[in-house]
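This briefing covers pockets and cavities, helix packing and backbone details. Please read it alongside the sequence and the 3D view.

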Amino acid sequence: MRSYCLVVVLGSAVALVPQRPPAARKTVVSIEGREFLINGRPTYEGRSYDGMKVQGLLFNSRMVQGIFDDRNAGTRSRWNYPDGPWDAERNTREFIEAMPLWKANGLLAFTINLQGGSPEGYSRSQPWITSSFEIDGSLRPDYMSRLERILDRADELGLVAILGFFYQGQERQMADEQSVLRAAGAATDWLVDKGYEHVVVEVANETDNAGYKHDIIRPGGGAERLIEHVKERSKGKVRSPAGRLLVSTSLNGGRVPPDSLVNVVDFVLLHGNGVRDPARITQMVEETRKLPSYRGQPIVFNEDDHFDFGKPQNNMLAALRAYSSWGYFDYRMTGERFDDGYQSVPVNWTISSPRKREFFALLSRVTGVGSP
């Protein structure tokens, strides 16, 4: 069935112009109970590891810099490659080239953000300008073009994208709460117009972070309304079992979300940053499931910078023990180089460091994907 859009000519005459439908998509993500499904089948179907259920989980990695660029001329040179100047197109191209390798080792999802994340891993101040939004909330075509290429390739590969809208280091540059609301609406409309069915939304990364300027991001201050806005705006416009985008938001590391947030999200996002004892990871999941508003949604860690992948106890296995998904967050630490980390810019998107290899080796064993 062909759809049409209205076009106003010279401010008065109206014409009906055929509107090209979204390209046929290959990947649909959905939720049934506590399980994620891709194209109607549970992820890692039938898989268990050391007596722990793996089926239905969504192992992921924080890859938020896939569309990164810096429009601040004073900081742009910080991101130069070892062999040349910073190049946003090269960054996205190399991201896309690495995606099949991630999947071949068991990864089924990655987090990417329209405002990126700290390109240093953690930063006290963030003077760079890396947002896909203008200060009024409108979308920047260059950033969205790079995102489209990434999401198209993810769709072809059967990967799920956890797309974040806002990040505290860049949200502060937006004019007011209306610009934030406008940005969320524009990003939602863009996803709907592209026909993406393999994207789930993280409205804001660590929404309770003190770095946020506008209350509409914060729990109790408007975050719940913003989540409902994205859900309602996409309702009936996505060809998936839910008929709309699946939406959540995250809090700072070690925090369990309040009832007000759990009540409105489709899946619960937790962060393991700052959690040194793996037992606390399991405890966070248990505390979330005891909340009055919890109704059986999947629980997903999509940021955790603790590793110890070669040890019998680590945060990843603790999450698995509690039947929750886990996400790898790796940044370049003091003394490390280009090959290290997935968040620090410039990024080597391949499995290029001992830490990356250890993560993917454990992931492969747990999921049974790519292991001997």
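Predicted model: local features only at pLDDT ≥ 70, side-chain atom pairs only at ≥ 80, totals over all residues.

Residues are numbered from 1 along each chain as its sequence is written, and side-chain values use heavy atoms, with hydrogens and water left out.

**Pocket and cavities**

- The second largest pocket holds about 330 Å³ of space; on a 1 Å grid over the protein atoms alone, a pocket is an open set with protein on both sides within 12 Å along at least five of seven lines, a cavity is a set of points where a 1.4 Å probe fits but cannot get out, and lining residues have an atom within 4 Å of a point.
- A volume here is the space filled by probe spheres set on the grid points, which are joined across faces, edges and corners.
- The lining of this second largest pocket divides into 3 nonpolar, 13 polar and 5 charged residues, where Ala, Val, Leu, Ile, Met, Phe, Trp, Tyr, Cys and Pro count as nonpolar, Asp, Glu, Lys and Arg as charged, and the others, Gly among them, as polar.
- There are 3 cavities of 30 Å³ or more in the structure, and the largest cavity contains about 50 Å³ of space.
- V29, E197, V199, V238, S240, A242, R244, L245 and L246 line the largest cavity, a lining made up of 6 nonpolar, 1 polar and 2 charged residues.

**Helix packing**

- Helix 1 (residues 88–104) and helix 2 have axes that come within 10 Å and cross at roughly 10°, the axes being lines fitted to C-alpha atoms over the stretch in contact, with angles from 0 to 180 degrees between N-to-C directions.
- That angle makes helix 1 roughly parallel to helix 2, since angles under 35 degrees count as roughly parallel, over 145 as roughly antiparallel, 65 to 115 as roughly perpendicular and the rest as oblique.
- In this pair, A88, E89, T92, F95, I96, M99, P100 and K103 of helix 1 meet R146, R149, I150, R153, A154 and L157 of helix 2, contact meaning heavy atoms within 4.5 Å, and the contact residues divide into 8 nonpolar, 1 polar and 5 charged.
- Helix 2 (residues 141–157) also packs with helix 4 (residues 177–194) at an angle of about 45°, the axes being 12 Å apart, and the two helices are therefore oblique to each other.
- M144, L147, E148 and L151 of helix 2 make this contact with W190, L191 and K194 of helix 4, and these residues comprise 5 nonpolar, no polar and 2 charged.
- The axes of helix 4 and helix 5 (residues 223–234) cross at roughly 35° and come within 9 Å; the contact includes V180, L181 and A184 of helix 4 and L226, H229 and V230 of helix 5, and its residues divide into 6 nonpolar, 4 polar and 4 charged.

**Backbone details**

- The peptide bond from V345 to P346 is cis, with omega near 0°, and P346 belongs to the loop between strand 15 (327–328) and helix 9 (354–367), where helices (H or I, at least four residues) and strands (E, at least two) are DSSP runs numbered from the N terminus.
- Y44 is not a glycine, yet has a positive phi of about 50°, and Y44 sits in the loop between strand 5 (41–42) and strand 6 (48–49).
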